[in-house]
Amino acid sequence: MSGDLRSDLIAAAKHFYDRGWMVGTAGNLSARLPDGTFWITASGRAKGQLTEEDFIRMNSDGAIVEQPVPHSRPSAETSIHLAVYNCFPDAKACYHVHSIEANLVSRLAAGDAVPLPAIEMLKGLGVWEENPQVAIPLFANYLEVPKIAKAICEFFAICAPSVPALLIRDHGITVWADSPAAAYNYVEIVEYIFRYTIAAHKLNLDLRWDS
Ligand SMILES: CSC[C@@H](O)[C@@H](O)C(=O)COP(=O)(O)O
Ligand SMILES: [Zn+2]
């Protein structure tokens, strides 16, 4: 039973790998079971070729509760998944990928948030407003990953997210959702919006909300 979620994660990782968003072992995926434990990718695995042995089950304190392969290590970015699950109790899946577009968008952003263009696709992230003005928070990419996780916790403790996603500068996005299927869609939608942003930048289109 507890292995079922791993097949969702394996299929999602293969798709994201094929899109070029999880190359060279980049990215990590997790999904939470009803008991609050979660399966997360083991560190350093080729994400296009995952098997059920490439996961570790952890509890909400960050302790390992199931480890199919002895001596495997949980993702180096487990602290970020823990931060997300801690901040958002309804989250059942947390996906992190590295796309070229996300890295470019983080370079184009002036401050500590990436304003999103007011396009139809925002509805897929739960934004149902006329001319929405929403942004994805942008965090510094500290070498020490728990420092990134701490910044994420501190930010969401005082600021409710407009969309279920965050961006780490020069690194990649993390999304969360109430199911693996929804997290999969959120990754696709955020990456679509970032491709749109890069294309608009190349065309010198003004994406400011008031333009
Ligand atoms: C290509 S190295 C990328 C890593 O440093 C990290 O950012 C990452 O996303 C994957 O780390 P992992 O420990 O395999 O979960
Ligand atoms: Zn990463």
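Modeller: Let me start with helix α2, where T78, S79, I80, H81, A83, V84 and Y85 are buried. Buried means under 20% relative accessible area, exposed means over 50%, and partly exposed is in between, with a 1.4 Å probe and protein chains only. Helices (H or I, at least four residues) and strands (E, at least two) are DSSP runs, numbered from the N terminus.

Colleague: And what should I know about the model and the numbering?
Modeller: This is a predicted model, where local features need pLDDT of at least 70, side-chain atom pairs count only at pLDDT 80 or more, and totals for chains, interfaces and linings use all residues. Residues are numbered from 1 along each chain as its sequence is written, chains are lettered from A and ligands numbered from 1 in the order in which they are written, and side-chain values use heavy atoms, with hydrogens and water left out.

Colleague: Back to α2, is it mostly covered or mostly open?
Modeller: Mostly covered: seven of its ten residues are buried.

Colleague: What does S79 touch, leaving aside its neighbours within four places in sequence?
Modeller: S79 sits in helix α2, and with those neighbours set aside it is in contact with V145, P146 and A149. Contact means heavy atoms within 4.5 Å.

Colleague: Let's move to the ligand. Which residues are closest to ligand 1?
Modeller: The closest are S43, G44, S75, A76 and E77, out of 14 residues that surround ligand 1. A residue is near a molecule if one of its heavy atoms lies within 4 Å of it.

Colleague: How does that shell split by class?
Modeller: Around ligand 1 there are two nonpolar, ten polar and two charged residues. Ala, Val, Leu, Ile, Met, Phe, Trp, Tyr, Cys and Pro count as nonpolar, Asp, Glu, Lys and Arg as charged, and the others, Gly among them, as polar.

Colleague: Which polar atoms lie by the oxygen atoms of ligand 1?
Modeller: A polar side-chain atom of S75 is 2.6 Å from an oxygen atom of ligand 1. For G27, a backbone N or O atom lies 2.8 Å from a ligand 1 oxygen, and for N28 a side-chain N or O atom is 2.9 Å from one. A polar contact is a pair of N or O atoms within 3.5 Å; within protein, one must be able to donate a hydrogen and the other to accept it, and residues adjacent in sequence count only if both atoms are side-chain atoms.

Colleague: How much of ligand 1 does the protein bury?
Modeller: The protein buries 72% of the 420 Å² that ligand 1 exposes when taken alone. Accessible areas come from the Shrake-Rupley method with a 1.4 Å probe; for residues, only the protein chains shown count as cover.

Colleague: Tell me more about S75. Where does it sit, and why does it count as buried?
Modeller: S75 lies in the loop between β4 (64-66) and α2 (78-87). S75 counts as buried because its relative accessibility is 6%. Its side chain also reaches the backbone nitrogen of E77 at 2.9 Å. Neighbours within four places aside, S75 is in contact with N28, I40, T41, A42 and S43.

Colleague: New topic: what does UniProt place at H96 and H98?
Modeller: The feature "binding site", from an unreviewed entry. UniProt positions are given in the numbering used here, feature names are shortened, and annotations may be inferred rather than shown by experiment.

Colleague: And how do those two histidines sit in the model?
Modeller: H96 is in strand β5 (residues 93-97) and is buried, with a relative accessible area of 2%. H98 is in the loop between β5 and α3 (100-108) and is partly exposed at 25%. Leaving aside neighbours within four places in sequence, the contacts of H96 include N28, E77 and H171, while those of H98 include W21, G27 and H171.
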